[in-house]
Amino acid sequence: MSLTQAFFAIIRRDLVLALRRRSEIANPLLFFVLVITLFPLGIGAEPRLLQAIAPGVIWVSALLAAMLSLDSLFRSDFDDGSLEQILLSPHPTSVLVLGKIIAHWLVTGLPLLVVAPLLAVFLGMPNNSLGILLLTLLLGTPVLSLIGAIGVALTVGLRRGGMILSLLVLPLYVPVLIFAGNAVQMASSGLPVDAQINILISILLMALVLAPLPVAAALKMSIN
Amino acid sequence: MPWLVSAFVLITVAGLYGGLVLAPTDYQQGDSYRIIYIHVPSAWMSLFIYVVMAVAGAIGLVWHIKLAEIVAISSASVGASFTFIALVTGSLWGKPMWGTWWVWDARLTSELILLFLYLGVIGLYGAIDDKRTASRAVAILALVGVVNIPIIHYSVIWWNTLHQGPTVTKMDKPSIHVSMLIPLLLMALSFKFFYVIAMLQRARVELLQRERNAQWVKNLISGSK
Amino acid sequence: MIPKLQGIGLSCIRDDRLLFEQLAFEVLSGQILLLEGKNGSGKTSLLRIVCGFRQPDSGEIRWCGDAVNDSQFYAQMAYVGHLDGVKRELSVLENLKIAQSLNATGQYSINEALCKVNLAGYDDVLVQALSAGQKRRLSLARLLITANVLWILDEPFTSLDKQGIALIETLMTEHCANGGMIVLTSHHDIDLNDVDVLRINLS
């Protein structure tokens, strides 16, 4: 069948699997909410302080939630041999893998957007920055999934890949954290954020084009 | 190898003499600026070695050349050491200049992230048992890293200028006097020699370890007994 | 183009042990290559080298006389390994549809293939409800619904009962009669009439 069909078949398959497992969707989301709840408990509920740290806190939590969810991206396919079958498809692995990453983002990244407004209210963020927060999450979380996929692809064959995964992935998340966090911060002070948004868009486009290649190469390496 | 070592010693002595004795004292910072003869070349090397590692990794990945794989992984720990030295000397330099050991200065911060990238490479190599697989993993990671380093560096500078303002421009050397520059370049050259020596030593160990079942290694061992 | 699988001067080192060296073989259409040997003698490693999952330490695999070009080679081969490669949470039908969408369509429809492996009527059963032998037959059904010339089978008879084994042997004979070729490992000796079986003993 054609490449497009294969691409969408992979996305549909992973979405169906996620629906049948459910916990995969719920866990990162709960983690995200929980971590953000911990901050006021840890540093006090002073509204001005919370407001000042809100963008950073939300984004750092999103980073951690994204990282936590990464393991499920290739784990079950690796364990049951489906990954071998995907690699043996005559279609380019990078495209099929991109389908998997997109499905994974729909399941673990997109839900973060849904709860983010609630958390913004918890942390007392001004209303005018809410739109920008959602926009940065929309542009930034797919990048987290794409870059993270490289890390998981490299470590999926290891028995204790978890610790090393964070060491590989978190430094690469720095630019997204900086530009996205900064955009939200600027927006709360009413400043223009076009530059940050444009940079986030270009990072996303670059990651979309480039990331699937090392992911495919790394999976080939992990499978042997 | 002895030739390399003697060249290294000669250049290092010349560079240190030029830097620590001949070069004039800075009118603002006194003698404490002299740490740049270690700090700046280390910082240069930390980036340079990462690029070498990525290039060697790519060569190993594409053409399956074992030697390139070994050069890549042998570079990692040397590069990490230089990064670490750059961080420590940067912080030592910062103490008299800024009054604290650590400032979230753009260069120091990106150097810190570079150290994490190096540690990731070393950690990944250690975590994978099959060393040929591990070399491929390291090559992929180094290539991803090398694409990301400019983006990370740029983002950190952006972040820094927004949060701290231009207070750290003290670090920029507006124009450096020739008597300071020559020792600096000598030190940079000497560090390159050191890198080549250290890397070759590590590569030799790595190669012997990997080929420990090959006939030529066995001959070598029985010959030396 | 006449399908032909060749291994030239292959050697493989795993965890410091030389599994085999200077191994050569040639499989033509209608032939079966049976890899024999003790546990750990490198049968699976050799299969994975043929699949392209593993790089040989020396030598190369050729398909139709040329060095293997992934997408062209993969369009003509199918692999059933130790792992079944089916998702537990999906139904039998969903699993086969995925396999079909990843590869070119083969000579049998999904229903015909299910009949051939004695799984007719199981379409909507989730794979987690199947027995080990049924799962194995399901993953073998994949061979029938995708287009391929070369089958690579790693211990295809594990967890199959006598009937199951006979069934797979029939499928293999049919495949070879249609001009296909098979590379497999097996503890059992295979007993096929009218098929040219080459053997390599790796021990």
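1. In chain C, 73% of the contacts with a separation of 6 or more are between residues 24 or more positions apart. The structure is a predicted model, and the remarks below should be read accordingly.

2. On overall dimensions, the C-alpha trace of chain C spans about 50 × 35 × 35 Å along its principal axes. A compact globule of 203 residues would have a radius of gyration near 17 Å, and chain C agrees with this because its own value is 17 Å. Of the 203 residues in chain C, 41% are buried.

3. The secondary structure of chain C consists of 6 helices and 9 strands. Among these elements, four strands form an open sheet in the order S2-S1-S4-S5 (chain C), and the pairing is antiparallel. Strand S2 (17-28) and strand S5 (66-67) of chain C are at the edges; each has a single partner strand, so one side of each lacks a neighbour in the sheet.

4. Within this sheet, strand S1 (residues 4-14) and strand S4 (residues 58-63) of chain C run antiparallel and are joined by 5 bridges. At the residue level, C:Ile8 has C:Glu60 in S4(C) as its bridge partner. As background, strands of a sheet pair through backbone hydrogen bonds, in either a parallel or an antiparallel manner.

5. Which strands does helix H1 (residues 43-51) of chain C lie across? The helix lies across S1, S2 and S4 of chain C, and runs at about 125° to S1(C).

6. Turning to the contact between chains A and B, chain B contributes 25 residues and chain A contributes 19 residues. On the side of chain B that touches chain A, the elements giving two or more residues are helix H4 (106-127) and helix H5 (131-164) of chain B. H5(B) gives the most to that side, with 16 residues. By class, the side of chain B that touches chain A comprises 19 nonpolar, 5 polar and 1 charged residues.

7. B:Ala54 is located in helix H2 (residues 36-63) of chain B. Is B:Ala54 buried or exposed? B:Ala54 counts as buried because it has 24 C-beta neighbours inside 10 Å, the criterion being 20 or more.

8. Leaving aside residues up to four places away in sequence, B:Ala54 touches B:Ala142, B:Leu143, B:Gly145 and B:Val146. B:Ala76 is 22 residues from B:Ala54 along the chain, and the C-alpha atoms of the two are separated by 9.8 Å.

Terms used:
Residues are numbered from 1 along each chain as its sequence is written. Chains are lettered from A and ligands numbered from 1 in the order in which they are written. This is a predicted model: local features need pLDDT of at least 70, side-chain atom pairs count only at pLDDT 80 or more; totals for chains, interfaces and linings use all residues. Two residues are in contact if their C-beta atoms, placed from the backbone, lie within 7 Å. Ala, Val, Leu, Ile, Met, Phe, Trp, Tyr, Cys and Pro count as nonpolar, Asp, Glu, Lys and Arg as charged, and the others, Gly among them, as polar. The radius of gyration is taken over C-alpha atoms; the globule rule is 2.2 Å times the number of residues to the power 0.38. A residue is buried if 20 or more other C-beta atoms lie within 10 Å of its own, exposed if 12 or fewer, and partly exposed in between; C-beta atoms are placed from the backbone. Two strands pair if DSSP finds at least two bridges between them. Axes are lines fitted to C-alpha atoms, for helices over the stretch in contact, and angles run from 0 to 180 degrees between N-to-C directions.
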